[in-house]
Amino acid sequence: MSTKIHAATDALGNPVRLLFGPGQRNDITRAHELIDGFEPEAIIADKGYDADHLRETVLAGQAKPVIPPKSNRRTPIDYDKALYKERNLVERFFNKLKQFRRVATRYDKLLANYRGFVILAAITILLK
């Protein structure tokens, strides 16, 4: 009974897209949906999103992939370490989201109810 929240934020840390999925599923499975339709200058993500097909999609969209390579990657890929430090904006968003007790403790058993409250909390964060 766990749910994973995938979030895309803008350069100010405001949520622009939220996706939900089963907690046991890998992050990369929702990555293409998460970035679809955006035209950013760079895509900043953690190691969970390190995959060649995602990097190719980002480059095809004229964006710069800023994703550190996984430790088991055979050929390490270089990334902009200074720009990667901006990833903390999405982490800050998740910390703000967890300030809502109902989100942090997951009282809702149905995904539809939980999703609705997470979106309501994200709107509240956006309006502050």
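**Notebook: salt bridges**

I began with Arg102, which forms a salt bridge with Asp108; the closest N and O atoms are 3.0 Å apart. The model is a predicted one. I then looked up how open each partner is. Arg102 has a relative accessible area of 36% and is partly exposed. Asp108 comes out at 10% relative accessibility, so it counts as buried, the cut-off for buried being under 20%.

Are Asp50 and Arg55 buried or exposed? I noted both Asp50 and Arg55 as buried.

I turned to Arg30 and Glu33. Their side chains meet in a salt bridge, with 2.8 Å from N to O. Arg30 is buried, at a relative accessible area of 16%. Glu33 has 42% relative accessibility and therefore counts as partly exposed, since that class lies between 20% and 50%.

As background to these entries, I wrote down that side chains of opposite charge can pair when their charged atoms come close.

Last, I looked up the total. How many salt bridges does the structure hold? I recorded 8 salt bridges, among them the Arg102 and Asp108 bridge that opened these notes.

Methods
Residues numbered from 1 in each chain as written. Predicted model: local features only at pLDDT ≥ 70, side-chain atom pairs only at ≥ 80, totals over all residues. Heavy atoms only, no water. Salt bridge = Lys/Arg side-chain N within 4 Å of Asp/Glu carboxyl O. Buried < 20%, exposed > 50% of the residue type's maximum accessible area, 1.4 Å probe, protein only.
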